[in-house]
Amino acid sequence: MPYASTETDRLSLRPWTDDEVAAVLAGERPAHWADDFPAEGDRVVVKLFADNPQWLGPYGHRQIVERETGLVVGSIGLFWPPDAGELEIGYGVVLSRRGRGYAPEATRALSEFALTAAGVHTVFATVEVSNPASVRVLEKAGFERWNGDGETATFRFVKN
């Protein structure tokens, strides 16, 4: 069953199609993907879809589509199901599109969408402190640092 896209000013967060999942697994590249998509992280997540089909559900993983060009420039996903009302998010934008604010824009939009799911009150991400770009993405997306162990930091986006 196809699920609706989530739209922002510059992006469309569109569900993966079966053909696109098959293309990643086969090492193929459809014409509507940016030249450097999929990145390694995208390939890893797609390989996990078979064991986690709920990740492709209504609150699951999405491709990040640049509305101006129609090209897939990254992916973002919610690791469904939630645990005690908390839901983890992960994201990545290809190198050729970094620095344009796409990651925070997509992260905020999908987090706000996730908080519409029954029983979900928190979206979180855990990042390595040694990855300041990812820390900035979460801060720009409205996440607040919650805790950390010195090597990783957990950020939370909470329904108010």
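Helices (H or I, at least four residues) and strands (E, at least two) are DSSP runs, numbered from the N terminus. The structure is a predicted model, in which local features need pLDDT of at least 70 and side-chain atom pairs count only at pLDDT 80 or more, while totals for chains, interfaces and linings use all residues. Residues are numbered from 1 along each chain as its sequence is written, and side-chain values use heavy atoms, with hydrogens and water left out.

On a 1 Å grid over the protein atoms alone, a pocket is an open set of points with protein on both sides within 12 Å along at least five of seven lines; a cavity is a set where a 1.4 Å probe fits but cannot get out; and lining residues have an atom within 4 Å of a point. The largest pocket holds about 880 Å³ of space, a volume being the space filled by probe spheres set on grid points joined across faces, edges and corners. Its lining has 34 residues, and Tyr91, Gly92, Val93, Ala103 and Ser134 lie nearest the centre. At least two lining residues come from each of helix 2, strand 4 (71-83), strand 5 (86-93), helix 3 (102-114), strand 6 (122-128) and helix 4 (132-140). Strand 5 supplies the largest share, 6 residues.

Glu20, Val21, Ala23 and Val24 are buried, that is, under 20% relative accessible area, whereas exposed means over 50% and partly exposed in between (1.4 Å probe, protein chains only). These four residues lie on the same side of helix 1 because they cover an arc of only 160 degrees around the axis, the arc being that of the directions from the helix axis to the C-beta atoms. Asp18, Asp19 and Leu25, on the other side, are exposed. The buried residues of helix 1 pack against strand 2 (11-15), helix 2 (40-48) and strand 3 (62-66). After helix 1 comes Gly27, with a positive phi near 75 degrees.

The interior may be considered next. A nonpolar core is a set of buried Ala, Val, Leu, Ile, Met, Phe, Trp, Tyr and Cys residues joined through side-chain atoms within 4.5 Å. The largest has 43 residues, and Trp16, Ile64, Leu78, Ile89, Val123 and Phe143 have the most contacts inside it. Helix 3 contributes the largest share of this core, 6 residues. Leaving aside neighbours within four places in sequence, Val123 is in contact (heavy atoms within 4.5 Å) with residues including Leu78, Ile89 and Phe143.
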